[in-house]
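Q: I have a model open and would like to learn how to read its features. Can we go through it one feature at a time?

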Amino acid sequence: MFHAQVLTLFPEFFDSPLACSIPKRAIAAGLVSVEMMQIRDFATDKHRQVDDSPYGGGPGMLMKPEPVVAAIRAARKRQPDTHVVMLTPSGERFTQAKALDWIEKPGVTLLCGRYEGFDERICDYVDEQISMGDYVLSGGEPAALSILDALIRLLPGVLGSPESAVLDSFTEEGILDWPHYTRPACFEGKSVPDVLLSGDHAAIAAWREAEARRRSERRNKTNQKCAE
Ligand code: SAM
């Protein structure tokens with residue numbers, strides 16, 4: 001079983017998404033466990049304070065090192081081989097390759113920030129820093145949820161057809177899935193490509209591969225332009 005742990009100030013954020021569809025089935029089948037750990041439980045002062053104002057001034061509050069590091073230590077004690085990931089806009093971008101790598105591990109611990117983020121010293125206590133992209137979320141929870149979902153669907157036995165995950169976009173780096181069509185064969189004047197109705201499996205396979213490469217190249221070019 002793959003063991004996921006989430007360190008968060010808002011465990012309730014995950015209730016509904018983990019209680020439906022693929023994650024729900026994977027948890028029920030014992031293929032994955034997802035444990036919430038409330039960071040505030042590791043604050044030792046009277047007010048169970050988890051945040052404080054930044055040295056040097058400036059707006060907002062930061063997550064304090066003591067409760068966060070205590071929570072990380074507790075997570076490592078519970079799952080000694082866990083891979084601890086801090087969610088932060090300054091981290092490395094999350095990719096399908098990361099997801100495929102992480103599901104080979106015994107489990108992951110996802111550390112969710114809030115406020116203006118973490119005291120910088122907390123970085124020394126995690127294995128990896130990960131970003132969902134060049135935009136700012138209010139907290140690490142939506143990022144953790146996306147990662148959990150991406151990992152869970154890759155675990156053996158989770159998807160009805162194991163082929164689905166292998167054929168997904170990004171399984172091969174930079175390569176997207178091909179375009180898909182279902183009935184009706186013509187919708188508002190837009191027809192399904194003839195080759196898909198031909199019954200010629202070799203021609204269909206060749207068309208799919210060519211289309212996947214074409215849309216991947218187009219997207220990669222657009223992304224490159226945006227990065228310039
Ligand atoms: N002041 C920070 C900055 O500008 O980099 C943003 C802090 S954000 C409001 C609060 C928390 O949300 C972060 O500590 C992190 O856990 C999470 N977060 C926000 N954007 C994220 C992203 N793109 N990827 C991963 N986590 C993110």
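Q: Which way do strand 1 and strand 6 run, and how many bridges join them?
A: In a regular strand the side chains alternate between the two faces of the sheet. In this predicted model, strand 1 runs parallel to strand 6 (residues 107-111), joined by five bridges.

Q: What is the sense of pairing between strand 1 and strand 2?
A: Strand 2 (residues 32-38) pairs with strand 1 in the parallel sense, over seven bridges. Here Gln5 has Glu35 of strand 2 as its bridge partner.

Q: Why is strand 1 largely enclosed by the rest of the structure?
A: Strand 1 (residues 2-8) has seven residues and six of them are buried, so the rest of the structure largely encloses this strand.

Q: How should I read the aromatic pair of Phe13 and Phe14?
A: A pair of aromatic rings is described by the distance of the centres and the angle of the planes. The count of such pairs here is two. For Phe13 and Phe14 the centres are 5.4 Å apart and the planes at 70 degrees, so this pair is edge-to-face. Phe13 is partly exposed at 33% relative accessible area, whereas Phe14 is buried at 1%.

Q: Which residues of helix 8 are buried?
A: An α-helix has 3.6 residues a turn, so residues three or four places apart point the same way. In helix 8 (residues 201-227), the buried residues are Ile204, Trp207, Glu211, Ala212 and Ser216. These buried residues pack against helix 7 (194-197).

Terms used
Residues numbered from 1 in each chain as written. Predicted model: local features only at pLDDT ≥ 70, side-chain atom pairs only at ≥ 80, totals over all residues. Heavy atoms only, no water. Helix = DSSP H or I, 4+ residues; strand = E, 2+ residues; numbered from the N terminus. Expected span 1.5 Å × (residues − 1). Buried < 20%, exposed > 50% of the residue type's maximum accessible area, 1.4 Å probe, protein only. Contact = heavy atoms within 4.5 Å. Pairing = 2+ DSSP bridges. Phe/Tyr/Trp six-rings, centres within 6.5 Å; stacked < 30°, edge-to-face > 60°.
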